[in-house]
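Thanks for coming, everyone. I'll walk through one structure, a few places at a time. Please have a look at it first.

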Amino acid sequence: MIIHDIQKIISLLKKEEIAAIPTETVYGLAGIATSYKAVSKIYKLKNRPAFNPLIVHVSNVEQIHTFAELSLEQITCLEYFWNHEQPLTIVLRLKNNHQITPLVTAGLSTIAVRKPHHPLAIEIIKQTGPLAAPSANTSNKLSPTKAEHVESSFGENAPLILDGGECLIGLESTILHLVDIKKPILLRAGGVSLEKLEAFFKQTISLHTEKKIQAPGQLKHHYSPGCPLKMNTTTIEDGEVLLGFGENAPPYTTLNLSQKGHLDEAAHNLFHALYQLSLLKPKAIAVMPIPKTGIGLAINDRLERAAAKND
Ligand code: TXA
Ligand code: MG
């Protein structure tokens, strides 16, 4: 059920139940990060493999000190991006004697942390403490950018969903492995562009490749729209639909991610457009080329995963 009562969500979470909450990237399925009971419900409802760890959401840097090692340099990085409301997740080393349930980290010695930049999410976390929250969709399906997407993804098993409107960014956070501050590694392209990270760190940032698995959850097949997806094409065959980009999209384009060719607008619209196209039950979704610059890298990453065959 979709509701607007934030206090109801807070008291539910405090009782170690789970609920869907809005963030600026996508909706998250949240539970108290120290609660085995709550976090096991998250894995169960999502049908998520236990080896795929979750991100812990905090409302300020101080909360991190209770569970992860944090140097001054790492704090400077976090403050720079978080004070500018940038969707950055960083992977840090876990502290000894932390209270986070091991389910969250899938047994790793590191932990992914981010501060969401949605006023409702911040308000909730201030009152509940750190929350584990993966995207609020069943495993391998499209990420939700509206409360209605969460409801349709889980159907009759849907949790209570706090309506916070459409997610501003529309794509998940960028994940940066920052255990060694001198060697940041991009684990997942996302709302913060590689260019912005490289400008901050004043160095080239290496990209995580499928071979050296740092993020077990970076599964190749993900974000399935329920039908085949073809990338970098402007032509369609019978029964197919075309997801366009920019002003050169042909007249038979079914939906355009951004008429003006703006990448931020395309990211914001991406998952909703894929939801809408999948409702048409097409033989395939064809997608026009999208530049790989800025947030375009993350858009292409999600589309490549949606196009990958299940193997
Ligand atoms: O924008 C977002 O990040 C959204 C919103 C809800 O905050 N959350 C999200 O969570 O995308 P999820 O569970 O769909 O993706 C979490 C990713 C997974 O790919 C997982 O492998 C990675 O974070 N991850 C979590 N802990 C990690 C760790 N210790 N080391 C490396 N990767 C980790
Ligand atoms: Mg996800």
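**Helices, loops and cysteines**

Let's start with Ala-273, which sits in helix α8, residues 263-279. Helices here are DSSP runs of H or I with at least four residues, strands are runs of E with at least two, and both are numbered from the N terminus.

Before going on, the ground rules. This is a predicted model, where local features need pLDDT of at least 70, side-chain atom pairs count only at pLDDT 80 or more, and totals for chains, interfaces and linings use all residues. Residues are numbered from 1 along each chain as its sequence is written, chains are lettered from A and ligands numbered from 1 in the order in which they are written, and side-chain values use heavy atoms, with hydrogens and water left out.

Back to Ala-273. Is Ala-273 buried or exposed? Its relative accessible area is 5%, so Ala-273 is buried. The cut-offs: buried is under 20% relative accessible area, exposed is over 50%, and partly exposed lies in between, using a 1.4 Å probe and protein chains only. Beyond its neighbours within four places in sequence, Ala-273 touches Leu-243, Leu-255 and Leu-257. Contact means heavy atoms within 4.5 Å. Leu-207 is 66 residues away from Ala-273 along the chain, and their C-alpha atoms are 28 Å apart.

Next, helix pairs. Take α1, residues 6-14, and α5, residues 119-128: they pack at about 40°, with axes 10 Å apart. Axes are lines fitted to C-alpha atoms, for helices over the stretch in contact, and angles run from 0 to 180 degrees between N-to-C directions. So α1 and α5 are oblique to each other. On that scale, under 35 degrees is roughly parallel, over 145 roughly antiparallel, 65 to 115 roughly perpendicular, and the rest oblique. The crossing of α1 and α5 is right-handed. Right-handed means the near helix is turned clockwise from the far one by less than a right angle; anticlockwise is left-handed.

Who meets whom? From α1 come Ile-6, Gln-7, Ile-9, Ile-10, Leu-13 and Lys-14, and from α5 come Leu-120, Glu-123, Ile-124, Gln-127 and Thr-128. By class, that contact of α1 with α5 has six nonpolar, three polar and two charged residues. Nonpolar covers Ala, Val, Leu, Ile, Met, Phe, Trp, Tyr, Cys and Pro; charged covers Asp, Glu, Lys and Arg; the others, Gly among them, are polar.

Second pair. Helix α3, residues 72-83, packs with α7, residues 194-201, at about 135°, axes 12 Å apart. Thr-76, Cys-77, Tyr-80 and Phe-81 of α3 make the contact with Lys-196, Leu-197, Phe-200 and Phe-201 of α7. The class count for α3 with α7 is six nonpolar, one polar and one charged. This pair is oblique too, given its angle, and α3 passes α7 in a right-handed crossing.

Cys-77 is buried, at 0% relative accessibility. Cys-227 is also buried, at 13%.

Now backbone angles. Most residues other than glycine have a negative phi. Asn-97 has a positive phi, near 60°. Asn-97 lies in the loop between β5 (88-93) and α4 (102-105), and is exposed at 74%. Ala-106 also has a positive phi, near 50°. Its loop runs between α4 and β6 (110-114), and Ala-106 is partly exposed at 27%.

Last stop, Thr-233, in the loop between β12 (229-230) and β13 (240-244). Thr-233 is buried at 17%. Leaving aside neighbours within four places in sequence, Thr-233 contacts Leu-242, Ala-286, Val-287, Met-288 and Pro-289.
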